[in-house]
Structures are given as C-alpha cells and as structure tokens.
Amino acid sequence: MEEIKELKDGHTQFIGSLTQARADYKQLAALDRQIKSYNVSTNPYTWFTMEAIDDTWENLQKIIKEREADLSKETKRQERNDEMRKTFAQHANGFHAWLTETRAFLVEGSGSLEAQLEAVKSKVIEVRKRRDALKKIEDLGAQLEEALILDNKYTEHTVLGLAQQWDQLDQLGMRMQHYLEQQIQARNTTGVSEEQLQEFH
C-alpha cells in the first residue's frame, strides 16, 4: 500500500507542476491567434505549429487520465490483496493459537489415567474436526498464491507450517492416547498404583 501511495503522490506532484505548463500553453494559443490575425500562415521563427502543440497537449491529457485510471485500478488491487492478507492472517493466527493451546493441554494432562485418557480421546476428535479449519487456511493460501501475494505482514504463519503442526498434533494425540492405554493396562495387570507408575517415568 505504501508503494501505491508514493506513486499517487508523485502523480499529484506532476499534475501540480502542469499549472505553469497550462499557462504557457494558453499563452502560446493566444500568440498563435494574434499571429494569424495578421494573416501570417506560418511562423518563420519556429517549426512548431499550434496544431502540433494542441495534439501534444491533448495527448498529455489523455495520458494523465490513463495514468489516473491505472493508479485507481492498482489501488483497488492492492486493497483487495491487503484484505486477502488480513483474512488469511486472522484464520492462520487463530488456528495457530488453537494448536498451541491444544498441544499444551495434551502434554500437561492431569487427573487419573482414565480421566486423562478420556480427555485425550476428546481432544483427538477435536483435532480431527479442526481439519476443516486447516482446509480453509489452505484455500486462502492458494488464493494468495494465485494472486501472486508472497508476503504477509499480518502473520508469520504459512500454510505448510500450520499443516505440519496440525499433523504433529494429530500424531501427538494418538501417541498420548496409546501411552495412556498402555499405562492403564500395565496398572491393571501388575497391580502397581498410578503413583508408583509415575515414579518410573
């Protein structure tokens, strides 16, 4: 957005600089009318004709309008791109926060082994359901790529990074579930209490 602002500012300065040129153009037109009033068809002191100057001035006005249209179009494109960045960042940052909270929950389990197992099973189901949120982020990331938007100042997260973290979280949940099931089985078959099992780990 800064680049387009600089381009617009430069264009505005250029338009401002035309004030003197416009006055010169009007003065030339007045002089041309005055010369022609004396029934002189050509000015022997210059090879420029007023018609050529008129054409150049009109062409300049046309170019200015085209430039303004291009700047307007580019502004809209950059605003759209910025909105796409913000939308991606909002989803990516929220998803990353959820990944972090869920990982902490899985690692910091407390309570009986059975309570931990039920909590982990519940989180594993939640992780699988959140795959849809990751899919949405992947779709938004694809839209960014399609629009050739390769930077995003609103987030440090990438589709690939979030997908890898989601996969790692899914695997962590499965490992935690398997580990707790083994702990319960070991406790039930050996008769060793949970506290004694914890001392071995």
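**Close-up 1. Helices α4 and α5 are roughly antiparallel to each other, given how their axes cross (angles over 145 degrees count as roughly antiparallel).** This is a predicted model, in which local features need pLDDT of at least 70, side-chain atom pairs count only at pLDDT 80 or more, and totals for chains, interfaces and linings use all residues. Residues are numbered from 1 along each chain as its sequence is written, and side-chain values use heavy atoms, with hydrogens and water left out. Here the axes of α4 and α5 come within 10 Å and cross at roughly 165°; axes are lines fitted to C-alpha atoms over the stretch in contact, with angles from 0 to 180 degrees between N-to-C directions. Helices are DSSP runs (H or I, at least four residues) numbered from the N terminus. From α4, look for Arg 131, Leu 134, Ile 137, Glu 138 and Gly 141, which touch Val 159, Leu 162, Ala 163 and Trp 166 of α5 (contact means heavy atoms within 4.5 Å). Six nonpolar, one polar and two charged residues make up this contact of α4 with α5; Ala, Val, Leu, Ile, Met, Phe, Trp, Tyr, Cys and Pro count as nonpolar, Asp, Glu, Lys and Arg as charged, and the others, Gly among them, as polar.

**Close-up 2. Helix α3 (residues 113-129) meets helix α5 (residues 159-190).** Their axes come within 9 Å and cross at roughly 155°, which means that α3 is roughly antiparallel to α5. On the α3 side, the contact includes Leu 117, Val 120 and Val 124, while α5 brings residues including Leu 169, Met 174 and Leu 180. By class, eleven nonpolar, four polar and six charged residues take part in the contact of α3 with α5.

**Close-up 3. Helix α2 packs with helix α4 (residues 131-146).** The two axes come within 10 Å, crossing at roughly 150°, so α2 is roughly antiparallel to α4. The contact of α2 with α4 has nine nonpolar, four polar and two charged residues.

**Close-up 4. The largest pocket holds about 320 Å³ of space.** A pocket is an open set of points on a 1 Å grid over the protein atoms alone, where a 1.4 Å probe fits, with protein on both sides within 12 Å along at least five of seven lines; lining residues have an atom within 4 Å of a point. Its volume is the space filled by probe spheres set on the points, which are joined across faces, edges and corners. Of the 16 lining residues, Asp 32, Asn 43, Phe 48, Thr 49 and Met 50 are the closest to the centre of the largest pocket. Helices α1 (2-37) and α2 (50-107) each supply at least two lining residues, and α1 gives the largest share, five residues. By class, the lining of the largest pocket has eight nonpolar, five polar and three charged residues.

Methods. Angles under 35 degrees count as roughly parallel, over 145 as roughly antiparallel, 65 to 115 as roughly perpendicular and the rest as oblique.
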